[in-house]
Amino acid sequence: MDLSASRTPSHELRRWVRAALYPEDEHCAKKVWLVLAELTANAHDHGRSPVGVRVWRSTASSTVRIEVDDACRDVPVPGVARRGGTRGFGLVLVDGLAHRWGVDVHSAGKTVWAELVSRAAGAEVGPVG
């Protein structure tokens, strides 16, 4: 699914996550939704428009990949609040939930991505390392 993202992930995107993932692995689907919501919120709070979202599932590897684009080239740092206070821990959450994640900077901005692995394939869901 490839969508422009509103301030929060769309109902259509939530329905897709539920339909595609809940029947096989409800635990993974909940983690996917949390990561998706965090990355989308970060793009709106710290990036610049336009914001785009792509989510797809590889049935061969039982991997769900989330990509969120924004037009800012600044690379986020986990655990560092750019706006002060108690903020800045969203990527720490992503790091704990995702199998792996990263940032790709390109001429139009950046893509923050995360991959989660479904238990339905017998793989462990969670961080590697």
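The structure is a prediction, so local features are reported at pLDDT of at least 70 and side-chain atom pairs at pLDDT 80 or more, while totals for chains, interfaces and linings use all residues. Residue numbers start from 1 along each chain as its sequence is written, and side-chain values rest on heavy atoms, with hydrogens and water left out.

The protein chain contains 3 helices and 5 strands, taken as DSSP runs numbered from the N terminus (helices: H or I, at least four residues; strands: E, at least two). Read from the N terminus, the order of elements is β-α-α-β-β-α-β-β. Of the 129 residues, 43% are buried; here buried means under 20% relative accessible area, exposed means over 50%, and partly exposed lies in between (1.4 Å probe, protein chains only). The chain exposes about 6900 Å², with carbon and sulfur atoms supplying 51% of that area; accessible areas come from the Shrake-Rupley method with a 1.4 Å probe, and for residues only the protein chains shown count as cover. Among contacts (heavy atoms within 4.5 Å) with a separation of 6 or more, 59% join residues 24 or more positions apart.

In soluble globular proteins, nonpolar side chains tend to be buried together. The largest nonpolar core in this model has 25 residues, a nonpolar core being a set of buried Ala, Val, Leu, Ile, Met, Phe, Trp, Tyr and Cys residues joined through side-chain atoms within 4.5 Å. Val32, Val35, Leu36, Leu39 and Ile66 have the most contacts inside this core. At least two core residues come from each of helix H1 (11–21), helix H2 (26–46), strand E2 (52–58), strand E3 (63–70), helix H3 (90–97) and strand E5 (109–117). Leaving aside residues up to four places away in sequence, Val32 touches Val17, Leu21, Val64, Ile66 and Leu116.

Strand pairing (at least two DSSP bridges between two strands) is well illustrated by E4 and E5. Strand E4 (residues 100–106) runs antiparallel to E5, and 7 bridges join the two. They form a hairpin with 2 residues between them, and Val103 has Val112 of E5 as its bridge partner.

The whole structure holds 7 salt bridges, each defined by a side-chain nitrogen of Lys or Arg within 4 Å of a carboxyl oxygen of Asp or Glu. One of them joins Lys30 to Glu26, with the closest N and O atoms 3.1 Å apart. These two residues are 4 residues apart in helix H2 and are therefore separated by about one helical turn. Both ends of this pair are partly exposed: Lys30 has 43% relative accessibility, and Glu26 has 41%.

Two further salt bridges connect strands. Arg54 and Asp69 form a salt bridge in which the closest N and O atoms are 2.5 Å apart. Because Arg54 lies in strand E2 and Asp69 in strand E3, this pair ties together parts that are 15 residues apart in sequence. Asp69 is buried, at a relative accessible area of 16%. The side chains of Glu115 and Arg65 also meet in a salt bridge, at 2.6 Å from N to O. With Glu115 in strand E5 and Arg65 in strand E3, the pair ties together parts that are 50 residues apart in sequence. Glu115 counts as buried at 11% relative accessibility, and Arg65 is buried with a relative accessible area of 13%. A network of salt bridges links Arg54, Arg65, Glu67, Asp69, Arg100 and Glu115.

Not counting residues up to four places away in sequence, Leu91 touches Leu39, Asn42, Pro76, Val77, Pro78 and Trp101.
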